[in-house]
Each structure stands twice: as C-alpha cells, then as structure tokens.
Amino acid sequence: MSELIDRPDSTLNVPSMPPVVVEVTTPADIAAYPIVDAGATISSALPTETVEYAPAALGQYNHSAEDPYATTELPVIGYAPSQLAPSPPVVTEFLTDSGQAAMIPAPRVSYQDEPSTTATSSVIDTPRIINAKTQDEILSFWGSLVGSFGLIWVVYTQLLPFTGRVGFVILWWIAFMLMYAGITAMGNPRTVVADRVAAAGVRSGAFIVFTALTTAILFTFLRGRDALVHMNFYVDDMAGVRPTDGLDHGGIGHAIVGSMIEIGIAVLFALPLGVGTAIFMNEVGGKSARLVRTVVDAMTALPSIVAGLFIYTVLIVTFGLQRSGFAAACAIFVMILPIIARASDVVLRVMPGGLREASLALGASKWQTVRKVVIPTVRPGLATALILGIARGVGETSPVLLTSGATTFYHFNPFDGPMNSLPLFVFTSVRSGQTLAISRGFGAAAVLLALVLLLFVVTRLLARTKVGNR
Amino acid sequence: MTALLDPPSAPSAPEPTPQIDDVPRSIDPGLPPSDRIFFGVSRVIGFSVFIIMAAIGLFLGFQSIPTFKRYGFSFLTESAWQPDKDVVGISAVLVGTFTVALVAMSIAFPLALATSLYISEYAPAKFKSFLVSMVDLMAAVPSIVWGLWGFFLIQPKAIHLAHWLHTHLGWVPFFHVDTDPEASPWAQTRYAASAFIAGIAVSMMVLPMAAAVMRQVFSQAPVGEREAALGLGATRWGMIRSVVLPFGRGGIIGGTMLSLGRALGETIAVVLIVSPAFDIKFRPLEIGTSTISQLIAGRFGEATSSQLAALLTAGFVLFIITLIINTLAAMIVARSRSGAQE
C-alpha cells in the first residue's frame, strides 16, 4: 500500500490540493492512464499484485493501526492499469442516486477491460447523497400517517363505542405502523420494510421519552404558576398561615433555606471525602484501593430510603438526637457520598495516562503530579460529578422524610429541632389534599425543578471546557 | 554519577577484592515528604469512606439478625405486616416491589432502547449532544416531580387505559381487576392508585440510567464493522441488528439491570401514588399494592424498637436484592465486548 502511493500529509482532507501522484509498479505505464480532476472525492480501489482494496472507499474512517491514511478522503484518484497482473476487480463507483434502491447501498463492481475512456467517465460521477430521502419514502410515510388517522377516526369515533384520546393515539400508532409496513412492502423487498418499520419504532420511542420529559417540566411549572406569581411565595414562611389563606399569604422561604443548609452540610463532607476516595483509588492504588472501590460500588446500590432509615435508627432512635436539619444532612451525605465518589472515580479513570506519565517522567513527585496535572485536567469533569450529586441529593425526598421533620417557620440552626426542605414541603402539601396546599406544593416543586435545571446548566457550561467530561 | 556506572562490575569480578566498603547507593531516592503526606492523607480518606460504607452495610446486617431469629424463615413468606399481633412478614411487599419494578421495566426497557438507538444511530449529528444532555437532565429531575407527574397528569388517563386493558384482555390474569368492567358507570377508583400507575412514574425515573449506559455502549460499536455491514448492502436497521445490537448486548442487559435495581428502591412516587395493601397479588391494574420502601416510609414513625428492627430487616433485604442486581449488571457490562467503562 504505502509504497505504491505517495500521499503527502499536506494534501489530506484538502480537496483543492494538487493531485496525488499514484505510482504503479511499472512506472512506464503511468502515462497511459488519465489522472482525474482535483476535488472529486470518489472512491477507488488501487490494485496491487495482491488484490487489495483501499479502505478509504466511502470517506471518513477511523484511524486504524495498519493504515495511518485510513481517515483520509482521497482528493484525487489516479487510475490503475488493468493490464497489470490478472485484471483485478476494480470498484469504480458507488451506487448513484436512484429511487428506492438507495436504501440498499451496494457497491457496483465492474471489471475493467479497457482502462482509458470508459474508466474515466465512470469515475467522474457525482457522489450520491447518502442520507437523502427518496420520494417513495416520504410519500409512504405521510400517506400512512394521514391514512391511518382517517381510518382510526372513522373506526374509533364513528363505528365502535370507544372514547378517550389515549386509546385513539395508541390505535392510530398501531394502524400507522401496519399501514406503513404494508405500503412499503408493495414496492420494496423485506429488508427495506424491516428498516422502515424499525426506524419508525425507534423514532416514536424516543419521541415518547422526550415528550414525557417536556410534559413533566411544563406540567410542574403550569400547575405551580398560581403560586409562583406571588413574590411572597419565595420569601415568606408558612408560620401562622391558615390552610384557607390565599396564595398571597405565606411562602416556601423556610423550605428553600432548609434545603440549602442541609445540602450544604452534606456536600461539605461528601465532596472532600468522595473526591479524596476517588484520588486514593486512582492515584495511590494497590490492593486496598480495590477493596474500597468494591465497597463504594456496592453502596451505590443502597436505596435512599434505607439510607434515611439507617440515620433515623442510629442518630434519632439510638443516640436520641432530635429530628433536625443535621440528621437530614447526614442522610443525604450517606446517599450522595458513593454517587460522588463513583462519578469522580470514572472521571479520573478516563483521564489520559500520558499526561500523568509525562509529569512523573519530568521528575515531579506524585503529589505534584496530582496537584498540578491531574486535578486541573479533570476539574470540569469533577465539577460535573459533584453537581449531579448535588442535584440528586437536593431532589431526593425519602431520606429527609425520615430524618428532618417538618416546620412551618424559618429555622437556621441545623442542630436544633426540625427543619423543612423543598422536597418534603412538596410531599406534605400535596398529600394534604387541599387545593391551595397542592398549588403551593406545585409551586415548591417548580422552584426545586428550577434549582435542578440551574445546576444542570452550570454543569453543562463547565463540561464544555472539555477533557474528563464523562 | 560515576559511582552509578561502576558498581555492576564490582560484584561480578571474579577475584574478590578485599575491601568493598563502597556500597552502591540505592537508586530509588524514596518518597519525598510531600508524597508521604499525600499518600497518608488519601489513605486515611479512602479508609474512612470504606469504614463508613462498610459500617452501614454491617449495621443493617446485624440489625436484621434478631428479626430473623425471632420470625425465622416466615419473615420472608408471611404476607401480613401486623406488629401488634406479632405477625410480620415481607412476602406481600416483596411481590408488590417486584410488580412495580416489572411494570416499570417493561415500559422503560423498550423506551430506553429506542431512545439510545435514536441518539446513537438516527439523530442528526447536530442534535446528538443536545439529546444526550436531555437524557442526563431527565436523570436529574427530582423523583418527587415524577411522582407529581404520575399522580396528577398520568393517573386520570392511565385509569382509562387500565380499564380498556381490563375490558379486552381481562381473561389474562395479569390484567384482571376485581370489578365488573361493563358496569354502567365503571368503578374508576378500582383502577386508580395501582402498581401500574406507580410503575409508569417509576419507569420515567429509571429510564435515563438505562438509556445512558446503552447509548454509551452503542456509540462504541466499531466503525469498521458498521461500514462493512453498510458496504455489504445492509440497510440501517440491518446494520444495527447485525453490528450495533450484538456489540452492545452487554450494555443493554447491564443498563437494564442497573435501572431495575433503582426501580426496586424507588420510594416517593410509589408512596404518592399507590394506596397500601398487604395481600399477595399479581394484578398491577388494580388499586393498592405495597413495596418495601413504601412500607418503611409509612411505618417508621410509629414503630417501636423491635418493629424498627423489622423495618430495617426489610430494608436490608431490599439492599441485598439491589446489590446483587447491581453487581450482576456491573459484571455483565464489564465482560461484554464493549469493555468495562461504566
């Protein structure tokens, strides 16, 4: 391969570069074969003594160990002599754009007899657009969509005694899939039918999921808007607010403060311990590190309610502490510590080892390497791990349900007496069943969701600084 | 420096030179003090985390010994939870836990598979990173929000779906509900607060976890094999079936099991949606069921110390189940061709 063709690196991927010279084993033949224009990115195969195809046929490929040029797009292809050796099959072109057949990209192989003119004409072919939709595809999709809608409308609302939108949509979808498959089968082979049905299935699955996510977010904000428009909702507490008082009385300030204090304490302990453990597992290593990793991995399986029950039993029942913000913080800490440790571990593990080795090879000590190379490299990734841990911790209800107790007033001391938090407030007010309380609950849920969204956006911005991201 | 170069000849010299008090200096300079501190501190952190974590596991384990001694094997087989009559067992809640998880997984699995395939194979390249972060966002949405979504938005619609399923598939025991589906105003409440509706909410919570693992594995499928399949004339689905899915099999199974482990332990959506009931039944469409986490959330308040031990034992059983599932999942992912990356 490489001795046959001369592909200077400077021409890689640059279509306007000068033609690449293709040398053939018998150089005398070269003149006989035309060189194709620059810019035409066409596939070709270069015959050698052993029949061998250049793998660069369809454009970009991944680097592979054998062929460093594999990622390149050959700007220009020289044509190879067919007289050479026992005329090998030459892949001259890939399927041109033609109707439905485009679904099955199959290389057309032709055997070249006379190399000169015919070869050239078939090589200068416009490359087909791989992802283009054919008319058949578009029409059968929309046709089945409209057709199944009409059919189901008639059957569902006119003929059968069915009601309800959900059933309608489900039946419509089933009818659509059947119709789409049937219409496709009329003019296409089975593989194409399977392809289209699978594509429709995958797309509708993804659509359902993203719809669910959107509706969950929108629904929370919509139901919460009654409470959210009142400024007092964000700053007041619920002290002295009667259940019948309107939404312009009372608020969730105490729950916001409580959530902040609890998650703050939990993170204060979980961050150094979690990241420290991850550093221990990766940078110090050894047999004990493996043991620690096993236990941390196991504890990620601990259900959050069991974490809450553990803290409840130990701190509140055994040691006789009050239900307090501190107990809730402990429960959250137990829950997010393995999450943060594991996520940081993953971030550290995917860090390129070359950087570490380079630093050590320059004579830096292990600590200098960690402080000056490892931590700065993975910092965005660590931030991501931490923030996702916070998001989990702040939104989880079950640990605080067992440990914090609920209040209706501002309370800043986590060690003394119950302390409300956002998820707990949502839970208790929704459970109460009163319309106003439910509105407040949705308002609090919207605030909680906004908080998580904010944390999430911050994570994305941090992660954009590349390196170590997942 | 010269000392470094010389020594090798010294020991190998045939005739022993009488005076070798010139010991070659150790090449390894030993750890600098900063490293010693660093190693020490990180070891302390690592071990303290190890101790915290192990202590929780051991504590739960030890707490459950008296319960198992007292109730013996019947703790796992008894269905009633009546601490006043000294009859305590978790078989009903275990069945309920698995029913909810089963419903959740039968919804979450196909959707997660479709989502991850869509993101890795079908979505336009421009949207890919956006969609990936949407899935991450879905994982970050608090479970109470999914609970509200399930209770207020989905339940009124799912009741009709459940009724429809009962009316037309009621002969399957799984879809049976203990009421007359043809009754003129059919009993809506019999279909509410069921394991089915809780399962829908839980499925949305655990789906992103499965989808994230699957997507990661799918995107690692070797490009060479993909192109080879396409080059042989495979359609996109043919390529997915012959390359991507076999390659990602470990990730599909592992991701599904990871999210199953999470589904078993979900609390708040279940507590919000289902009304507790302590009988063993496989009728997810019908009102009332109970899961271990719901049991804990509902009973911890009034529990005496022995009841608390029983609740802790139930929690321990749940933890052991999720631990086994998670470990199996990790092993399956690690042994699959796509390697041990989460």
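Residues are numbered from 1 along each chain as its sequence is written, while chains are lettered from A and ligands numbered from 1 in the order in which they are written. Because the model is predicted, local features need pLDDT of at least 70 and side-chain atom pairs count only at pLDDT 80 or more, but totals for chains, interfaces and linings use all residues.

**View 1. How confident is the predictor about chain A?**
The mean pLDDT (the predictor's confidence in each residue, from 0 to 100) of chain A is 74, and 70% of the chain's residues reach 70 or more. Helix 4 (residues 190-228) of chain A has the highest confidence, at 92, and strand 1 (residues 90-93) the lowest, at a mean of 40. Here helices (H or I, at least four residues) and strands (E, at least two) are DSSP runs, numbered from the N terminus. Over residues 1-119 of chain A, pLDDT stays under 50.

**View 2. Helix 6 meets helix 7 in chain A.**
Helix 6 (residues 253-284) and helix 7 (residues 287-299) of chain A pack at about 140 degrees, with their axes 9 Å apart. The axes are lines fitted to C-alpha atoms, for helices over the stretch in contact, and angles run from 0 to 180 degrees between N-to-C directions. That makes the two helices oblique to each other: angles under 35 degrees count as roughly parallel, over 145 as roughly antiparallel, 65 to 115 as roughly perpendicular and the rest as oblique. On the helix 6 side, look for Thr277(A), Phe280(A), Met281(A) and Val284(A); they meet Ala289(A), Val292(A), Arg293(A) and Val296(A) in helix 7.

**View 3. Pro418(A) sits in a loop.**
You'll find Pro418(A) between helix 12 (398-403) and helix 13 (422-432) of chain A. Why is Pro418(A) called partly exposed? Because 19 other C-beta atoms lie within 10 Å, and the cut-offs are 20 or more for buried, 12 or fewer for exposed, and partly exposed in between, with C-beta atoms placed from the backbone. Arg323(A) is 95 residues away from Pro418(A) in sequence, yet their C-alpha atoms are 5.3 Å apart. Leaving aside neighbours within four places in sequence, Pro418(A) has contacts (C-beta atoms, placed from the backbone, within 7 Å) that include Ser324(A), Ser404(A) and Gly405(A).

**View 4. A look at chain B.**
Chain B has 14 helices and 2 strands. Its C-alpha atoms fill a box of roughly 110 × 65 × 30 Å along the principal axes. Buried residues make up 49% of the 342 in chain B.

Methods. Contact = placed C-beta atoms within 7 Å.
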